[in-house]
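Let's take a walk through a protein model together, one chain at a time. Keep the picture open and turn it around as you read.

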Amino acid sequence: MLGSLVLHLVLLLVFAPLWLGIIIKAKALFGGRVGAPLLQPYYDLARLWRKGFVFSRTTTWVFLAGPVVGLLVPLLASLLIPFGGIDAPVSFEGDLILFVYLFALARFFTVASALDTGSSFEGMGAAREVTFSCLAEPTVLFALLVLARLADGLSLNQLFGDHLGQAWQGGAGASLGLILVCLFVVLLVENSRIPFDDPTTHLELTMVHEVMALDHSGPLLGMILYGAALKMMVMSALLVRLAVPWQTGWWLTDAGLFLAGLVGVSLLVGIIESTMARLRMPRIPQVLIGTSLLSIFALVLVLR
Amino acid sequence: MTLLGGGLLLIMLAGVPGLFCRSDEHGGERFAALLTLVGAVCIGAAIVSATRGSGELSHTFAWSVPGASLAFYLDPLAICFLLPLLIIVATGAIYGLRYWPHREHPANGRKLRLFYGLISGAMILLLLARNGVLFLMAWEVMAISGYFLITTEDHQAEVRRAGFIYLIATHTGTLALFALFVLLGPSTGSLDFPAAGTLAATGSSLIFLLGLFGFGMKAGLMPLHIWLPGAHAAAPSHASALLSGVMIKTGIYGLVRLTSLFAEIPAWWGWTVLLLGAVSGIMGVALALAQHDIKRLLAYHSVENIGIIALGLGIALLGRSYDQPALIVLGLSGCLLHVVNHGLFKALLFLSAGSVIHAVGSRQIDHYGGLLKLQPWTGAMFLGGAVAICGLPPLNGFVSEWLIYLGSFQALKQPGSALAAAVLAAPVLALIGGLALACFVKVFGIAFLGEPRTTAAAQAHEAPVAMLAPMVTLLVACTWIGLLPTTLHTLLQKAVGTWAGTVVAGVATGSVAPLRWISLSAWLLLLLVVVLFAVVRWRSRTAPRELGTWGCGYRFPAVRMQYTASSFADFLIRLFAFGLNSEEHGRQVAGLFPLRQTFSSHTPDAVLDRILVPAFRAGSWLCRRLRAWFHNGSIARYLLYVIVTVIVLLTLFTP
């Protein structure tokens, strides 16, 4: 228990910013540039953490609460999920709902801290964030229902257990494929990646997630970026486990396989970001409703 | 029993001594609050001693009214409803001392206090009653006192209208209940409630439908919620807290009690309740998002939460129809715990909203702004209530929603049977949760954060201690259930046993839902957040605060440029346009040198303003036309009616 707890936290805390580096590198290569070094996100975080704080007159303590909760929630949520073949250190019946609601808590405080600045740009981003994630929520639940149907229990550890390998080959392969796609879309939405949101755009008016952090600077911005990296890794971990449900039994090879899977997800995100244009804002709800329908279809397939 | 009866009388008659005091002095109101507190403590003590003993308390006295007896019975099911009631009644009574003092409201202060006591006592009586006549009497006292609470400020036309709609709705519901008890009578031989699980379900569909209508009307299930938004907005805040936190739950209590009487439950009952719950939940929160008035918004959230409670009840009913103990235990525990939770956090939200209204003098969210700086305590309390109502860990809303989620996931274990469709409750709950989050982040963000939008908001003051202490009490109760849900475990277990009989004897809530883990993760979350927050706060203690918010290059931002509540919700409301039909007045600016334009949006109620009012208007138009045609003053025609009637009677009744 303690060993797996330490392993989980070390894997998460050490490797999380690396995936952002890989995405940036992949985009640079597609653009014909050398790009920033892979470890650039680490340097950025270290630099931000050393800086001082600057606050707007308008803000209150809620302004601090957003980054704090946003950093801690992925950390806690990561304890509930298996990292590849490494079992979750904390696992109990029904922890899947806690997992979903922890991220909702983070969203609540992120959005509240954005509204704390009184800026209409941040208000815009906040409104978009709650709209999109509210539409993504049913998709996640449908996906969890599909997995719960295939598993014996209701903990994420059992949902993403080693029975998935047989399930892929058995009758549930089609459903698993569908929810894999759906969860990938949710990953892109929740982590503000292209085609749903562009973290590198220069126009505040069109941003979703980045605009909410406009007034956060220094260590707070660092916490937001680190929290976002952790969140991305936690959600990718689910995808990796779903797509590559094998385990070797030895923790070192399992960890290696898991990290390789995460490299794969990051490269995929990088490739999508390089080859796709951003969707128009009104299109995003349509895509999300579409994925909900896909996931309902997947549920019907396993329930019949 | 002495404690229980004494407490009941104290609470019920708390407002009476005040009638003999001068209307502009505060002697009567303090005495009333004291009586209420003592009464609540008495009943609390009675409950504790009952749970220490057998867990039940029963007394029957003869009564000369035909068919009636003074049958009192305290069981775990009633305790689940009594506990939040006592807390809310007591905190509301103290809150009212400063929120609605006699000195500022000489015209209606005494009336408010009298009916506040009457409705509280009537609700306690109703939860204890085991006889149809006694139940209906308590029900009517509650309904009528509710009317007087709603119409406290009866000099306003809007308030009178809300009260009138409430009166019509509640009496329509009571009519159904009369029929319900008349139908129940013959099957049991007396108007006393039969023992749980003794009635046969065959031929009782009408009883269930009448109960669903009568109790659903009080609870505010979606198509029957018409009275609720206006009534809760019109009443003073601590009365709204009582109405929304406790009174509408008596409808749920009625449904739970009624369904406990039957030996078996037809499957369609559960499906109906589940469907109504889903509709109430989604449409309630969507309508709430579209509101600009903070109390109307909270009222629509009551509809939403009643929907969540009904989802839990529906799952439990389905569990009984399909003989699945796990579904019963999880569904009903979730339902009852959400009854408690919703009472607590909704009262907290209404009281803190009342404190804001008291300070700013407006109910419009867009008139607030930046209140967290001026009302730090009220703001923190509202934030606590908002986190709780969104069902977020580590507060109490999460625990009950989690139980209902687990209940619906249990249905997955029945592939091939129709029960599997009950899993759809989970995504519905997720959607409700997402929308509730959007709505509460909107209210908190627009009202308490940013810059004050009006001069009234800029001059707001913090509420006095007498108003803050009740809020703190309620927040502590919310946190308690969130952090230590295991303390309520035994009570819920017993209540489920009372409802479902021996079917669930082997299934403990703890075995299907590890509440201990939830408690542990809530503590861990709270601890980590507090520690990291303290670290960041300490590191930033010397940070400069003299700059304004970054305006993206614009130098002269004004407070009116902030995002408003309607803009925040606009994106989501457009997605729900099919059910909301918001009205927009005014035009968009156009051209290079636009003229001054005004814009306003308004979302009327989906059932009352869109269906019922036009339907009744059409009905009255039709009747007027018919009357004008029949009754037009021509003597010849009246003679013709007489002759026709005589001929018809002769042909019908001559052998």
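Predicted model: local features only at pLDDT ≥ 70, side-chain atom pairs only at ≥ 80, totals over all residues.

Residues are numbered from 1 along each chain as its sequence is written, while chains are lettered from A and ligands numbered from 1 in the order in which they are written.

What is chain A built from? Chain A has 11 helices and 0 strands. Here helices (H or I, at least four residues) and strands (E, at least two) are DSSP runs, numbered from the N terminus. If you read along the sequence, you get the pattern α-α-α-α-α-α-α-α-α-α-α.

Now for its overall shape. The C-alpha atoms of chain A fill a box of roughly 60 × 45 × 40 Å along the principal axes. A compact globule of 304 residues would have a radius of gyration near 19 Å, and chain A agrees, with 19 Å. That radius is taken over C-alpha atoms, and the globule rule is 2.2 Å times the number of residues to the power 0.38. Of the 304 residues in chain A, 60% are buried. A residue counts as buried if 20 or more other C-beta atoms lie within 10 Å of its own, as exposed if 12 or fewer do, and as partly exposed in between, with C-beta atoms placed from the backbone.

Contacts tell you how the chain folds back on itself. Two residues are in contact if their C-beta atoms, placed from the backbone, lie within 7 Å. Among the contacts in chain A with a separation of 6 or more, 79% are between residues 24 or more positions apart.

Helix 8 of chain A (residues 173-190) has 18 residues and reaches 25 Å from its first C-alpha to its last, close to the 26 Å expected. The expected span is 1.5 Å times one less than the number of residues. Helix 8 of chain A is largely enclosed by the rest of the structure, because 13 of its 18 residues are buried. After helix 8 of chain A comes A:Ser192, with a positive phi near 45°. Helix 9 of chain A (residues 218-243) has 26 residues that should span 38 Å, and its end C-alpha atoms are 37 Å apart, which agrees. Helix 9 of chain A is mostly covered too, with 22 of its 26 residues buried.

Next, where do the chains meet? In total, 59 residues of chain A are in contact with 63 residues of chain B. On the chain A side, helix 3 (62-78), helix 4 (95-115), helix 5 (120-150) and helix 11 (283-303) each supply at least two residues. The largest share, 18 residues, comes from helix 5 of chain A. The side of chain A that touches chain B divides into 38 nonpolar, 12 polar and 9 charged residues. In this count, Ala, Val, Leu, Ile, Met, Phe, Trp, Tyr, Cys and Pro are nonpolar, Asp, Glu, Lys and Arg are charged, and the others, Gly among them, are polar.

For its 655 residues, a compact globule would have a radius of gyration near 26 Å, and the 27 Å of chain B agrees. Buried residues make up 56% of chain B.

Look for strand 1 (residues 57-62) and strand 2 (residues 69-74) of chain B, which pair in the antiparallel sense over 6 bridges. Strands count as paired if DSSP finds at least two bridges between them. B:Phe61 has B:Leu70 as its bridge partner, and B:Ser58 stands opposite B:Tyr73. Between the strands of this hairpin there are 6 residues, and B:Gly67 takes a positive phi near 80°.

Finally, find B:Val423 in the loop between helix 16 (396-410) and helix 17 (425-448) of chain B. Is B:Val423 buried or exposed? B:Val423 is buried, with 22 other C-beta atoms within 10 Å. Beyond its neighbours within four places in sequence, B:Val423 is in contact with A:Leu145, B:Ser408, B:Phe409, B:Ala411 and B:Leu412.
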